[in-house]
Amino acid sequence: MRSPMYKRYNQHWAQLLQKTGVVTAVTTVRVAAPELSHLTPYSYLIVKTGDSQIECMGAAQETFVIGDLVRFVLRKMGETPDSEPLAYGVKATKV
Amino acid sequence: MHIHILGTHTTHFGELWNQSLSDLGREAITRAVTNSNLDPTDIEAVFVANKAAASFEGQHHLNALVSDFFPHHPPAIRVEAACASGGMAVLTAEYALLAGQYRTVLVVGLEKMTDTSSEETTHILSGAAHLEKEYGSTFPALYGLLASAHMREYGTTREQLSSVAVKNHSHALHNPAAQFHKAFTLEQVSGSQLVADPLRLLDCSPISDGAAAVVLSTKSTKGAPRITGWGHAQDSLDLASRSSLTCFSATQAAAQQAYKQSCIKPKQVELAEVHDCFTIAELLAVEDLGLIEKGKSGAATLAQHTTHSGVVVVNPSGGLKACGHPVGATGVKQIAFLAEQLKTGAAKVALAHNVGGCGATAVVHILEK
């Protein structure tokens, strides 16, 4: 991803980190996009936090069920070439 | 004023290595015009449905390419709405006809998806979502979330999801244009490779090449099927902004518009081509369209209420699941297939339902004999 896009996509990280929420939907991705295939299988969640919901990946190797209480943390998202920003993003981990 | 469907043609869908995007488009257009008993120069304008020829084929000027298939180079407009491009192009053509700008137009949907690697194809298709793809989602994952929500809220079962695939593959056996002519059992679908829980490989529609075309006119022609109602609605691009994960509100709104315009009630619909990009998508669709009571689509499908012996025949072509899903062509193929069915007397009322993304765009058409 180009650097300006990456910055725009992730500018709200700080507002989410350490917040908690409840899992409202979950799936386990077994076949992923090439840049994320090394992370499979991983959980993909919809998490309700306050008045809003966000979609995010579950932290590595964790399994989730609907109703789990989770916290948002900063984690590596995938491998990127040296010419691109490091791919970090928000994931959810069980409290 | 009604729109008459004068002629149609759908190419074979599948992995068509010997046919280019141009070959597919030219075949669909030529045959549809011939089937209309018109001369190509009778076509006053062309509406071209395509999602990603620029990415798949490097073709960035598709409207001009398609206009070039006609001797008189009619005005051509490209319409893109992800997987709903076909339905949206038909809708755009209808607006132009009803505005009086043209009297006879052609809509062609075409997509060539199998020349790229599966990785490239996955990346290109993910462009129909928004930020989700940057956070690890895939389209199967998004529909996996919907499936898990439907299973939790309504008790929909793995076997019921599988019954959608079994039915649509069975229907495709009778459609010569379909990508797959192979029957599956419930056990085979339920035992196929997991892609994104609970969805498995045989819950997913395939990557396909193909094209379809319809000739539409405001001129009254005896015996030609008519489009008597249509609707179009939008929802948020991302799932997290939705109030419900067990329905597509865009489909519900578009269906209500179409039913109202045509003065048709859901129970009058005999044939429906719905957007079954995944098995759960068909279950959501038949509920949102009012064809099956909310929460009961899984049981109804397993009980064979949505096949030829049932209350409504859903996806008689095989749907996206078994007929194939060349994205830009799909919505046009739905209209073309249903028009052919109406012409043969298979039904008097039919419905086409085309979705873009994960329910962010929905287009519904009602066709009558």
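Start by selecting Glu287(B) and Lys294(B): the two form a salt bridge, with the closest N and O atoms 3.0 Å apart. A salt bridge here is a side-chain nitrogen of Lys or Arg within 4 Å of a carboxyl oxygen of Asp or Glu. Before going on, note that this is a predicted model, where local features need pLDDT of at least 70, side-chain atom pairs count only at pLDDT 80 or more, and totals for chains, interfaces and linings use all residues. Residues are numbered from 1 along each chain as its sequence is written, chains are lettered from A and ligands numbered from 1 in the order in which they are written, and side-chain values use heavy atoms, leaving out hydrogens and water.

**Stop 1: around the opening pair**

Colour by relative accessible area, using a 1.4 Å probe and protein chains only: buried is under 20%, exposed is over 50%, and partly exposed lies in between. Glu287(B) is buried at 6%, while Lys294(B) is partly exposed at 31%. Now pick Glu293(B) and Lys296(B), whose side chains meet in a salt bridge of 3.5 Å, N to O. Glu293(B) is exposed at 53%, and Lys296(B) is partly exposed at 45%.

**Stop 2**

Next, select Lys167(B) and Glu282(B), which form a salt bridge of 2.8 Å, N to O. This pair links distant parts of the chain, with Lys167(B) in helix 7 and Glu282(B) in helix 10 of chain B, 115 residues apart. Helices (H or I, at least four residues) and strands (E, at least two) are DSSP runs numbered from the N terminus. Both partners are buried: Lys167(B) has 8% relative accessibility and Glu282(B) has 1%.

Stay on helix 7 (residues 158-172) and find Gln160(B). Which residues does Gln160(B) touch, not counting those up to four places away in sequence? They are Gly155(B), Gly298(B), Ala299(B) and Leu302(B), where contact means heavy atoms within 4.5 Å. Gln160(B) is buried too, at 12%.

**Stop 3: the nonpolar cores**

A nonpolar core is a set of buried Ala, Val, Leu, Ile, Met, Phe, Trp, Tyr and Cys residues joined through side-chain atoms within 4.5 Å. The largest one has 40 residues, and those with the most contacts inside it include Phe139(B), Leu146(B) and Cys358(B). Both chains take part: among the elements giving two or more residues are strand 1 and strand 2 of chain A and helix 6 (139-154) of chain B. Helix 6 of chain B gives the most, with eight residues. Centre on Leu146(B) and, beyond its neighbours within four places in sequence, you will find contacts including Leu239(B), Phe248(B) and Leu284(B). A second, separate core of 36 residues includes Ala89(B), Val90(B), Val107(B) and Val332(B).

**Stop 4: where the chains meet**

Finally, show both chains. The contact takes 24 residues from chain A and 25 from chain B. Together they bury about 2,100 Å², 61% of it on carbon and sulfur atoms; buried area is the accessible area (1.4 Å probe) that two parts lose on being put together, summed over both. How many salt bridges lie between chain A and chain B? The count is one: Arg30(A) with Asp197(B), the closest N and O atoms being 2.9 Å apart. To see the chain A side, highlight strand 1 (20-29), strand 2 (42-49) and strand 3 (52-58), each of which supplies at least two residues that touch chain B.
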